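This report describes a strand arrangement and a helix pair. Please consult the sequence and the model displayed below while reading.

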Amino acid sequence: MAKVAILLAPGYEELEAVTVIDVLRRGGVDVIIAGLEDTPIPSARDVKIVPDTTVDSLSPDELDMVILPGGLPGVENLKKDSRVKELIQKMQEKGKKCAAICAAPGALAAFGVLKGKKATIYPALKDELKEARPEDAPVVVDENVITSQGPGTAIPFALTLLAILAGEEKAREVAQQMLVNWP
């Protein structure tokens, strides 16, 4: 079973976080909700999620993927946390996968992960992808980096992550159960 961590910072986008958690768990992926602290984490609209653990306890050796949801000021909080930067960079050094949606590809760019890679981001933030090869698409996969545009692309993003982690057949099965038209 694949094991991933989704990193939540105060101000995360709830639709992007919960959709990814839900779809991946439906598909049998072990999803760890990791906070910057061990207290309930408020979203951009003050929905609080209790994390399973903190970023401090995560090891890139034990994870297949790290996922960053968007939301403001959540992404800014992720960007300025040195533990998040270190984890993402170690995942990349080990050839492991990193995914980000909405404003969060900007964090991957700030950490140097998107240099020369195809990526997408919330359209109003495309200038943050200076060193990347920006694409205007709902979900973009370039080797071990997966990016997506925003709340409306959360389900296709989550299903793409599931296909990568558990196979296309499992992703189609979950999509069908959820009544989602997904290729």
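Two strands are taken to pair if DSSP finds at least two bridges between them; strands (E, at least two residues) and helices (H or I, at least four) are DSSP runs, numbered from the N terminus. The model is predicted, with local features needing pLDDT of at least 70 and side-chain atom pairs pLDDT 80 or more, while totals for chains, interfaces and linings use all residues. Residues are numbered from 1 along each chain as its sequence is written, and side-chain values use heavy atoms, without hydrogens and water.

**Sheet.** An open sheet of 7 strands with mixed pairing has the order β5-β2-β1-β6-β7-β11-β10. Because β5 and β10 each have a single partner strand, one side of each lacks a neighbour in the sheet. Strands β7 and β11 run parallel and are joined by 4 bridges.

| Strand | Residues |
|---|---|
| β7 | 97-101 |
| β11 | 145-148 |
| β5 | 53-54 |
| β10 | 139-142 |

**Serine 148.** This residue of β11 is the bridge partner of isoleucine 101. Beyond four places in sequence, its contacts (heavy atoms within 4.5 Å) include Cys102, Pro105, Thr120 and Phe157.

**Helix pair.** The axes, lines fitted to C-alpha atoms over the stretch in contact with angles from 0 to 180 degrees between N-to-C directions, of α5 (residues 154-166) and α6 (residues 168-177) come within 7 Å and cross at roughly 145°. Leu159, Leu162, Ala163 and Ala166 of α5 meet Glu168, Lys170, Ala171, Val174 and Ala175 of α6.
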